[in-house]
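Visitor: Could we go through this model together? I would like to begin with confidence and then turn to the ligand and the pockets.
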Amino acid sequence: MKKPFSGISVPLPTTPPVKRRYSITQDIVPFRRCARQYGTFNVHKYAPAYQTQTYFGTTLHQVLDRCHSHFHGIIDPATKGLLPDNGKILGDQDILDYFDELRIAEKLSTAPPTPPSDIVKYFVEVENGLKSRGIRAIKSDNRLQVVRILQYFNALEGPVLYPRVIDTEHRLQADRTNHILHGVVDLLVDPTTSAGVPEDYEMWDYKGSTRVGLNPKDLENYEFQMRVYAKLYELKHGVLPRRAILYFLNELDGPTCPSKQPVNALIEVSILPTEIDNAVIEFAKTVMQIEQARVTGNWQSAIPGDISEKDCAICDLRWDCNTPNGGKGVKLRYP
Ligand code: SF4
(Lines give C-alpha, C1' and ligand atoms only; values in the text may rest on other atoms or scores of the structure.)
Protein backbone atom coordinates (compact mmCIF):
# COMPACT_ATOMS: atom_id res chain seq x y z
CA MET A 1 0.00 0.00 0.00
CA LYS A 2 1.31 3.45 -0.91
CA LYS A 3 2.31 5.52 2.09
CA PRO A 4 0.25 8.77 2.21
CA PHE A 5 3.27 11.09 2.42
CA SER A 6 5.70 9.26 0.18
CA GLY A 7 7.29 11.47 -2.43
CA ILE A 8 6.58 14.63 -0.46
CA SER A 9 9.59 16.50 0.73
CA VAL A 10 9.23 19.41 3.12
CA PRO A 11 12.36 21.54 3.42
CA LEU A 12 13.56 22.36 6.93
CA PRO A 13 12.73 25.90 7.95
CA THR A 14 15.75 28.16 7.63
CA THR A 15 16.36 30.07 10.83
CA PRO A 16 18.07 33.37 10.20
CA PRO A 17 21.43 33.49 12.00
CA VAL A 18 21.21 35.29 15.35
CA LYS A 19 23.22 38.47 15.40
CA ARG A 20 24.45 38.86 18.95
CA ARG A 21 25.16 42.24 20.42
CA TYR A 22 28.70 42.47 21.79
CA SER A 23 29.63 45.20 24.22
CA ILE A 24 33.27 46.16 24.48
CA THR A 25 33.27 46.53 28.27
CA GLN A 26 30.69 43.83 29.13
CA ASP A 27 31.81 41.10 26.72
CA ILE A 28 35.01 41.63 24.79
CA VAL A 29 37.29 43.00 27.52
CA PRO A 30 36.07 40.52 30.23
CA PHE A 31 36.50 37.58 27.80
CA ARG A 32 40.00 38.73 26.91
CA ARG A 33 40.81 39.10 30.62
CA CYS A 34 39.59 35.62 31.58
CA ALA A 35 37.37 33.50 29.31
CA ARG A 36 36.44 31.14 32.14
CA GLN A 37 35.20 33.89 34.41
CA TYR A 38 33.30 35.48 31.50
CA GLY A 39 31.70 32.16 30.48
CA THR A 40 30.62 31.38 34.04
CA PHE A 41 29.14 34.71 35.07
CA ASN A 42 28.25 36.49 31.80
CA VAL A 43 27.17 33.60 29.58
CA HIS A 44 25.91 30.95 32.04
CA LYS A 45 24.74 33.71 34.42
CA TYR A 46 25.91 32.15 37.69
CA ALA A 47 25.58 34.76 40.41
CA PRO A 48 28.93 35.80 41.87
CA ALA A 49 29.12 35.93 45.68
CA TYR A 50 30.55 39.44 45.62
CA GLN A 51 30.62 42.02 42.90
CA THR A 52 33.30 44.35 44.18
CA GLN A 53 34.39 45.56 40.75
CA THR A 54 30.81 46.17 39.63
CA TYR A 55 30.10 48.03 42.90
CA PHE A 56 33.15 50.24 42.51
CA GLY A 57 32.79 50.90 38.79
CA THR A 58 29.05 51.57 38.89
CA THR A 59 29.05 53.90 41.90
CA LEU A 60 31.94 55.96 40.51
CA HIS A 61 30.50 56.18 37.00
CA GLN A 62 26.90 56.86 37.98
CA VAL A 63 27.66 59.46 40.66
CA LEU A 64 29.99 61.31 38.28
CA ASP A 65 27.24 61.18 35.68
CA ARG A 66 24.92 62.86 38.22
CA CYS A 67 27.63 65.47 38.95
CA HIS A 68 27.73 66.38 35.25
CA SER A 69 23.92 66.54 35.15
CA HIS A 70 24.00 68.72 38.29
CA PHE A 71 26.42 71.19 36.67
CA HIS A 72 24.42 71.31 33.44
CA GLY A 73 21.15 71.80 35.35
CA ILE A 74 19.60 68.58 33.99
CA ILE A 75 18.46 67.31 37.41
CA ASP A 76 17.41 70.75 38.66
CA PRO A 77 17.73 73.89 36.48
CA ALA A 78 18.63 75.87 39.65
CA THR A 79 22.01 74.06 39.84
CA LYS A 80 23.06 75.01 36.28
CA GLY A 81 26.65 76.22 36.30
CA LEU A 82 27.20 75.13 39.90
CA LEU A 83 29.61 72.50 41.11
CA PRO A 84 28.03 69.89 43.43
CA ASP A 85 28.72 71.03 47.02
CA ASN A 86 30.56 74.02 45.47
CA GLY A 87 33.56 71.70 45.46
CA LYS A 88 33.61 71.37 49.25
CA ILE A 89 34.92 68.16 50.81
CA LEU A 90 33.51 66.41 53.87
CA GLY A 91 35.90 64.77 56.30
CA ASP A 92 35.92 60.95 56.62
CA GLN A 93 34.33 61.09 60.08
CA ASP A 94 31.36 63.18 58.83
CA ILE A 95 30.75 60.66 56.08
CA LEU A 96 31.02 57.70 58.46
CA ASP A 97 28.67 59.40 60.95
CA TYR A 98 26.09 59.84 58.19
CA PHE A 99 26.41 56.19 57.14
CA ASP A 100 25.80 55.21 60.79
CA GLU A 101 22.69 57.40 61.04
CA LEU A 102 21.43 55.94 57.77
CA ARG A 103 22.00 52.37 58.96
CA ILE A 104 20.10 53.03 62.21
CA ALA A 105 17.21 54.66 60.30
CA GLU A 106 17.02 51.65 57.97
CA LYS A 107 17.03 49.28 60.94
CA LEU A 108 14.26 51.19 62.71
CA SER A 109 12.37 51.79 59.44
CA THR A 110 12.33 55.53 60.13
CA ALA A 111 12.84 58.34 57.60
CA PRO A 112 16.41 58.48 56.29
CA PRO A 113 18.47 61.43 57.55
CA THR A 114 19.16 64.28 55.12
CA PRO A 115 22.44 63.65 53.27
CA PRO A 116 25.18 66.07 54.33
CA SER A 117 26.25 66.86 50.74
CA ASP A 118 25.22 66.53 47.08
CA ILE A 119 27.88 63.88 46.43
CA VAL A 120 26.73 61.76 49.40
CA LYS A 121 23.10 62.16 48.24
CA TYR A 122 23.96 60.96 44.70
CA PHE A 123 26.10 58.17 46.12
CA VAL A 124 23.26 56.86 48.33
CA GLU A 125 20.81 57.00 45.38
CA VAL A 126 23.17 54.95 43.21
CA GLU A 127 23.95 52.56 46.05
CA ASN A 128 20.23 51.93 46.67
CA GLY A 129 19.83 51.04 43.00
CA LEU A 130 22.68 48.56 43.29
CA LYS A 131 21.30 47.08 46.53
CA SER A 132 18.05 46.31 44.72
CA ARG A 133 20.17 44.21 42.33
CA GLY A 134 21.92 42.46 45.24
CA ILE A 135 25.20 44.35 44.75
CA ARG A 136 26.71 45.74 47.95
CA ALA A 137 30.02 47.00 49.24
CA ILE A 138 31.89 44.26 51.06
CA LYS A 139 33.37 46.60 53.69
CA SER A 140 32.37 50.05 54.93
CA ASP A 141 35.90 51.13 53.89
CA ASN A 142 34.88 50.59 50.27
CA ARG A 143 31.98 53.04 50.66
CA LEU A 144 34.15 55.66 52.28
CA GLN A 145 36.82 55.29 49.62
CA VAL A 146 34.29 55.76 46.80
CA VAL A 147 32.85 58.94 48.37
CA ARG A 148 36.33 60.30 49.05
CA ILE A 149 37.45 59.75 45.44
CA LEU A 150 34.25 61.32 44.12
CA GLN A 151 34.67 64.39 46.29
CA TYR A 152 38.30 64.81 45.23
CA PHE A 153 37.45 64.44 41.54
CA ASN A 154 34.62 66.94 41.87
CA ALA A 155 36.81 69.50 43.63
CA LEU A 156 39.94 69.01 41.53
CA GLU A 157 38.69 68.31 38.00
CA GLY A 158 35.11 69.61 38.14
CA PRO A 159 35.78 73.36 37.73
CA VAL A 160 37.67 72.86 34.45
CA LEU A 161 36.14 69.63 33.17
CA TYR A 162 32.38 70.00 33.76
CA PRO A 163 31.94 73.14 31.59
CA ARG A 164 33.64 71.35 28.70
CA VAL A 165 31.53 68.20 28.76
CA ILE A 166 29.47 67.87 25.57
CA ASP A 167 27.87 64.51 26.33
CA THR A 168 27.99 61.74 28.91
CA GLU A 169 27.29 58.03 28.33
CA HIS A 170 27.75 58.63 24.60
CA ARG A 171 26.38 55.55 22.83
CA LEU A 172 28.13 54.11 19.79
CA GLN A 173 27.15 51.10 17.71
CA ALA A 174 28.01 49.37 14.43
CA ASP A 175 26.25 46.57 12.58
CA ARG A 176 28.88 44.07 11.41
CA THR A 177 28.27 41.01 9.20
CA ASN A 178 27.69 38.54 12.04
CA HIS A 179 27.40 40.67 15.17
CA ILE A 180 26.50 44.09 16.50
CA LEU A 181 29.33 45.98 18.11
CA HIS A 182 28.46 48.43 20.79
CA GLY A 183 30.09 50.72 23.35
CA VAL A 184 29.39 53.61 25.66
CA VAL A 185 31.94 56.40 26.04
CA ASP A 186 31.85 57.99 29.50
CA LEU A 187 32.45 61.56 28.34
CA LEU A 188 32.77 63.61 25.21
CA VAL A 189 34.79 66.68 26.08
CA ASP A 190 35.32 69.81 24.01
CA PRO A 191 38.73 71.13 25.10
CA THR A 192 38.20 74.37 23.17
CA THR A 193 34.97 75.37 25.03
CA SER A 194 33.83 76.90 21.72
CA ALA A 195 30.83 75.50 19.87
CA GLY A 196 33.08 72.72 18.67
CA VAL A 197 32.78 70.13 15.99
CA PRO A 198 33.22 66.35 16.43
CA GLU A 199 36.84 66.38 15.24
CA ASP A 200 37.68 68.66 18.21
CA TYR A 201 36.19 66.38 20.84
CA GLU A 202 38.02 64.10 23.24
CA MET A 203 36.70 60.72 24.41
CA TRP A 204 37.21 60.14 28.14
CA ASP A 205 36.82 56.85 29.95
CA TYR A 206 36.88 56.55 33.74
CA LYS A 207 38.63 53.57 35.29
CA GLY A 208 37.89 52.59 38.90
CA SER A 209 41.47 51.48 39.53
CA THR A 210 44.98 52.85 39.88
CA ARG A 211 47.35 53.22 36.96
CA VAL A 212 50.29 52.27 39.18
CA GLY A 213 50.59 48.50 39.43
CA LEU A 214 48.16 47.90 36.56
CA ASN A 215 48.77 44.57 34.86
CA PRO A 216 50.22 45.24 31.34
CA LYS A 217 47.49 43.03 29.83
CA ASP A 218 44.82 45.21 31.45
CA LEU A 219 46.41 48.35 30.04
CA GLU A 220 46.58 46.65 26.63
CA ASN A 221 42.85 45.85 26.91
CA TYR A 222 41.98 49.42 27.91
CA GLU A 223 43.93 50.79 24.93
CA PHE A 224 42.22 48.28 22.69
CA GLN A 225 38.85 49.42 24.08
CA MET A 226 39.59 53.09 23.29
CA ARG A 227 40.71 52.26 19.75
CA VAL A 228 37.49 50.35 19.07
CA TYR A 229 35.56 53.33 20.48
CA ALA A 230 37.52 55.58 18.12
CA LYS A 231 36.39 53.45 15.16
CA LEU A 232 32.77 53.54 16.31
CA TYR A 233 33.07 57.30 16.80
CA GLU A 234 34.35 57.65 13.26
CA LEU A 235 31.45 55.58 11.92
CA LYS A 236 28.97 57.79 13.77
CA HIS A 237 30.51 61.23 13.24
CA GLY A 238 32.54 60.78 10.04
CA VAL A 239 35.77 61.87 11.77
CA LEU A 240 38.07 60.53 14.47
CA PRO A 241 38.05 62.18 17.90
CA ARG A 242 40.99 64.46 18.67
CA ARG A 243 42.17 62.46 21.68
CA ALA A 244 41.30 59.34 23.69
CA ILE A 245 41.85 59.67 27.44
CA LEU A 246 41.82 57.14 30.27
CA TYR A 247 41.30 58.57 33.76
CA PHE A 248 42.37 56.30 36.64
CA LEU A 249 40.16 57.57 39.46
CA ASN A 250 41.84 55.64 42.29
CA GLU A 251 45.01 57.64 41.72
CA LEU A 252 43.20 60.46 43.54
CA ASP A 253 42.71 58.47 46.75
CA GLY A 254 44.55 59.48 49.91
CA PRO A 255 44.04 61.25 53.23
CA THR A 256 43.62 64.67 51.55
CA CYS A 257 42.51 65.95 48.15
CA PRO A 258 45.48 66.29 45.76
CA SER A 259 46.28 69.94 44.96
CA LYS A 260 46.99 69.07 41.34
CA GLN A 261 46.22 66.21 39.01
CA PRO A 262 48.31 63.15 40.02
CA VAL A 263 50.83 62.32 37.28
CA ASN A 264 49.45 58.83 36.81
CA ALA A 265 45.75 59.74 36.82
CA LEU A 266 45.40 60.49 33.14
CA ILE A 267 46.90 58.80 30.12
CA GLU A 268 46.33 59.49 26.47
CA VAL A 269 45.83 56.46 24.24
CA SER A 270 47.35 56.68 20.79
CA ILE A 271 44.66 56.33 18.10
CA LEU A 272 46.59 56.09 14.85
CA PRO A 273 44.50 54.67 11.96
CA THR A 274 46.66 51.51 11.78
CA GLU A 275 46.21 50.91 15.53
CA ILE A 276 42.46 51.36 15.16
CA ASP A 277 42.33 48.92 12.22
CA ASN A 278 44.25 46.32 14.25
CA ALA A 279 41.88 46.78 17.20
CA VAL A 280 38.87 46.23 14.94
CA ILE A 281 40.44 43.02 13.56
CA GLU A 282 41.15 41.89 17.15
CA PHE A 283 37.55 42.64 18.10
CA ALA A 284 36.20 40.42 15.27
CA LYS A 285 38.66 37.68 16.27
CA THR A 286 37.51 37.84 19.90
CA VAL A 287 33.86 37.61 18.82
CA MET A 288 34.72 34.44 16.87
CA GLN A 289 36.49 32.98 19.92
CA ILE A 290 33.45 33.70 22.11
CA GLU A 291 31.11 32.12 19.55
CA GLN A 292 33.38 29.07 19.40
CA ALA A 293 33.51 28.77 23.20
CA ARG A 294 29.71 28.93 23.28
CA VAL A 295 29.57 25.93 20.92
CA THR A 296 32.31 23.84 22.57
CA GLY A 297 31.65 24.94 26.18
CA ASN A 298 35.40 25.36 26.57
CA TRP A 299 36.08 28.53 28.55
CA GLN A 300 39.79 28.75 29.39
CA SER A 301 41.18 30.35 32.54
CA ALA A 302 43.60 33.22 32.02
CA ILE A 303 47.28 32.36 31.73
CA PRO A 304 49.20 33.11 34.99
CA GLY A 305 50.70 36.59 34.76
CA ASP A 306 48.19 37.73 32.12
CA ILE A 307 45.66 38.63 34.80
CA SER A 308 46.22 40.64 37.94
CA GLU A 309 46.37 38.72 41.23
CA LYS A 310 43.81 41.24 42.56
CA ASP A 311 41.25 40.10 39.96
CA CYS A 312 41.81 36.43 40.84
CA ALA A 313 41.67 37.16 44.60
CA ILE A 314 38.02 38.23 44.30
CA CYS A 315 36.95 35.56 41.79
CA ASP A 316 34.66 32.82 43.13
CA LEU A 317 36.36 30.29 40.86
CA ARG A 318 39.79 30.77 42.45
CA TRP A 319 39.42 27.66 44.66
CA ASP A 320 39.31 25.51 41.57
CA CYS A 321 41.75 27.35 39.34
CA ASN A 322 45.50 26.97 38.83
CA THR A 323 46.10 30.55 37.70
CA PRO A 324 46.24 32.61 40.94
CA ASN A 325 49.47 33.03 42.90
CA GLY A 326 51.64 32.90 39.80
CA GLY A 327 50.18 29.56 38.66
CA LYS A 328 50.29 27.80 42.06
CA GLY A 329 46.56 28.16 42.75
CA VAL A 330 44.92 29.01 46.07
CA LYS A 331 45.55 26.95 49.20
CA LEU A 332 42.24 25.46 50.36
CA ARG A 333 41.10 26.40 53.86
CA TYR A 334 40.03 22.86 54.64
CA PRO A 335 40.27 20.07 55.76
S1 SF4 B 1 40.74 32.73 39.48
FE2 SF4 B 1 41.51 34.16 37.92
S3 SF4 B 1 42.12 32.91 36.17
FE4 SF4 B 1 40.86 31.63 37.53
S5 SF4 B 1 38.82 31.81 36.66
FE6 SF4 B 1 38.99 33.38 38.26
S7 SF4 B 1 39.67 35.21 37.18
FE8 SF4 B 1 40.02 33.49 35.82
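Visitor: What is the average pLDDT of the protein chain?
Guide: This is a predicted model. The protein chain averages a pLDDT of 91, and 97% of the residues score at least 70.

Visitor: Where is confidence lowest, and where is it highest?
Guide: Helix α10, residues 309-313, has the lowest confidence, with a mean of 90. Strand β5, residues 243-248, has the highest, at 97.

Visitor: Turning to the ligand, which cavity does its space correspond to?
Guide: The ligand takes up the space of the largest cavity.

Visitor: Which residues are around the ligand?
Guide: They are Cys 34, Gln 37, Ala 302, Ile 307, Cys 312, Cys 315, Leu 317, Arg 318, Cys 321, Thr 323 and Pro 324.

Visitor: And how does that shell divide by class?
Guide: Eight residues of the shell are nonpolar, two are polar and one is charged.

Visitor: A change of topic: what is the volume of the second largest pocket?
Guide: The volume of the second largest pocket is about 440 Å³. Its lining has 19 residues, and the closest to the centre are Phe 31, Arg 32, Arg 33, Ala 35 and Gln 289.

Visitor: Which elements give two or more residues to that lining?
Guide: These are α1 (24-33), α8 (216-237) and α9 (273-296). Helix α9 gives the most, with four residues.

Visitor: How many residues of that lining are nonpolar, polar and charged?
Guide: The lining of the second largest pocket has seven nonpolar, six polar and six charged residues.

Definitions and conventions. Residues are numbered from 1 along each chain as its sequence is written. This is a predicted model: local features need pLDDT of at least 70, side-chain atom pairs count only at pLDDT 80 or more; totals for chains, interfaces and linings use all residues. Side-chain values use heavy atoms; hydrogens and water are left out. pLDDT is the predictor's confidence in each residue, from 0 to 100. On a 1 Å grid over the protein atoms alone, a cavity is a set of points where a 1.4 Å probe fits but cannot get out, and a pocket is an open set with protein on both sides within 12 Å along at least five of seven lines; lining residues have an atom within 4 Å of a point. Grid points are joined across faces, edges and corners, and a volume is the space filled by probe spheres set on the points. Ala, Val, Leu, Ile, Met, Phe, Trp, Tyr, Cys and Pro count as nonpolar, Asp, Glu, Lys and Arg as charged, and the others, Gly among them, as polar. A residue is near a molecule or strand if one of its heavy atoms lies within 4 Å of it. A molecule sits in a cavity or pocket if more than half of its atoms lie within 2 Å of its grid points.
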